[in-house]
Amino acid sequence: MREPEQSGGDWAALMRAAQQGDAAAYAQLLREVAPAVRSMVGRRWGRGAEVEDLVQEVLLSIHAVRHTYDPARPFLPWLMAIVRHRIADGARRHARKAANEVTIDVLSETFLVDATNPGDDRGADTDALHKAIAGLPPGQRQAIELLKVREMSLKEASAASGLSIVALKVAVHRAIKTLRSKLDERT
Amino acid sequence: MNTDDLIARLARDIAPVHPLPSPVRRAAIWFAVALPPVALMVLAMSPRPDLAERLQDGRYLLEQAAALATAVLAAVAAFSTGIPGHPKWVVFLPLVPLAAWLGSLGEGCWQMWLRLDSEGVHFHPDWICIPAIAMTAAVPGAAMAAMIRRGAPLMPRLTAALGALAAAALADVGLRLFHPQDASLMVLVWQFGTVALLTAMAGAAGRLVLRWPRVVPR
């Protein structure tokens with residue numbers, strides 16, 4: 001990478017050519033300018049994805065306002081002003097984002113109604129469910145344990161139990177119906 | 001997209017651009033565009049009957065010259081702030097005639113205060129100044145907005161405020177050619193106050209109005 005001070009004159013010539021529509025000169029200018037911009041941005045932001053985003057933002061800004069460069073004036077102060085202001089814009093954006101982001105604690109409750117706050121009752125309900133499953137007929141119990149408790153697919157459960165997929169579907173349907181009526185009786 | 005790809009896309013199909021003229025030249029162009037509508041407004045409202053007499057009054061001439069110089073130098077400063085790397089001192093240029101304008105009005109108020117016992121205070125509501133200055137400044141302001149948007153929005157609030165100051169100060173010069181109100185306190189509150197109000201409003205809206213152009217690389 002060339003030192004910016006040494007390159008200022010060359011960059012001015014490249015920018016003059018770019019203003020006249022010379023694509024090769026423009027590409028060369030941006031390629032040479034990018035490391036200098038990256039270094040300036042890096043001094044402010046350290047390392048990370050944000051640095052490269054900001055470098056690209058500066059290059060886009062250079063492109064957008066390239067007509068504001070006066071060919072009779074030095075290039076470096078023009079470039080530095082854009083970089084400085086885009087870094088400041090980035091810092092402002094960062095601060096705004098940080099101010100708007102709120103760290104939220106994991107809340108133990110969501111709503112006031114009991115249905116959304118199982119709390120200590122959760123264990124009791126689980127026990128009741130396990131008891132109800134244990135009281136199912138063997139075929140239904142096996143279907144529920146394989147498909148719902150162990151979360152097997154129908155194919156896996158069929159292979160494990162030797163039952164057909166249709167039989168498993170019927171058994172699990174009946175089991176859920178039985179469990180619902182048993183648990184409803186308790187409440 | 002990585003940076004090398006971005007550079008390749010930006011360089012592809014790059015269109016030639018005309019460098020912006022210098023801020024002084026752009027201010028001259030703006031002035032040439034802004035002056036005729038203000039003159040038309042003065043003619044439409046018909047010049048004040050005592051204009052010939054006013055043009056013999058040193059204070060009136062000083063304040064009009066200061067307001068005009070504020071308009072011109074604020075325009076130069078507004079255009080300068082859109083040029084990256086512009087010299088900082090240019091921004092302070094309009095403060096010189098602005099201080100002279102404000103100083104003359106302040107001195108007029110002081111003189112009025114000294115004569116308070118004999119003549120009383122010349123102060124009454126003159127709300128018409130606000131819409132009159134705003135309307136007279138409309139075309140110069142629109143021309144200014146279009147021109148400053150061509151620059152880089154490095155300091156959008158300052159640029160917008162300086163642009164509005166230029167348009168409003170020029171409008172006040174026009175207003176004083178058709179609105180017969182010369183009591184310093186009245187001019188300070190209603191005319192200078194309106195100029196300050198429009199400047200502050202434009203400054204507050206600067207970030208909304210002046211943004212970096214959106215570039216979509218092909």
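# Exercises on a predicted two-chain model

Of the 187 residues that make up chain A, 25% count as buried, where buried means that 20 or more other C-beta atoms, placed from the backbone, lie within 10 Å of a residue's own, exposed means 12 or fewer, and partly exposed is in between. This is a predicted model, in which local features need pLDDT of at least 70 and side-chain atom pairs count only at pLDDT 80 or more, while totals for chains, interfaces and linings use all residues. Residues are numbered from 1 along each chain as its sequence is written, and chains are lettered from A and ligands numbered from 1 in the order in which they are written.

## Exercise 1

Describe the secondary structure and the contacts of chain A.

Solution. Start with the elements, taken as DSSP runs numbered from the N terminus, with helices being H or I of at least four residues and strands being E of at least two. Chain A has eight helices and zero strands, and its pattern along the sequence is accordingly written α-α-α-α-α-α-α-α. Next take the contacts, which are pairs of residues whose C-beta atoms, placed from the backbone, lie within 7 Å. Among those in chain A between residues at least 6 apart in sequence, 54% join residues at least 24 apart.

## Exercise 2

Work out which elements and residue classes make up the side of chain A that touches chain B.

Solution. The contact takes 31 residues from chain A and 24 residues from chain B. On the side of chain A, the elements that give two or more residues are α1 (4–19), α2 (23–45), α3 (49–64) and α4 (75–100). Of these, α3(A) gives the most, with eight residues. By class, this side has 18 nonpolar, nine polar and four charged residues, where Ala, Val, Leu, Ile, Met, Phe, Trp, Tyr, Cys and Pro count as nonpolar, Asp, Glu, Lys and Arg as charged, and the others, Gly among them, as polar.

## Exercise 3

Locate Glu151(A) and Ser46(B), and state whether each is buried or exposed.

Solution. Most residues other than glycine have a negative phi. Glu151(A), however, has a positive phi near 55 degrees, and this residue lies in the loop between α6 (138–149) and α7 (154–161) of chain A. Glu151(A) is exposed because it has 9 other C-beta atoms within 10 Å, whereas Gln140(A), Ala143(A), Ile144(A), Leu146(A) and Leu147(A) in α6(A) are buried. In chain B, Ser46(B) takes a positive phi of about 65 degrees although it is not a glycine, and its place is the loop between α2 and α3 (51–54). Ser46(B) is likewise exposed, because 9 other C-beta atoms lie within 10 Å.

## Exercise 4

Characterise the packing of α8(B) against α9(B).

Solution. Two packed helices are described by the angle between their axes and the distance between the axes. The axes of α8 (residues 138–148) and α9 (residues 156–178) of chain B come within 9 Å and cross at roughly 155 degrees; these axes are lines fitted to C-alpha atoms over the stretch in contact, with angles running from 0 to 180 degrees between N-to-C directions. The two helices are therefore roughly antiparallel to each other, given that angles over 145 degrees count as roughly antiparallel, under 35 as roughly parallel, 65 to 115 as roughly perpendicular and the rest as oblique. Residues of α8(B) in the contact include Pro140(B), Gly141(B) and Met144(B), and those of α9(B) include Thr159(B), Gly163(B) and Leu170(B). By class, this contact has nine nonpolar, three polar and no charged residues.

Key
Contact = placed C-beta atoms within 7 Å.
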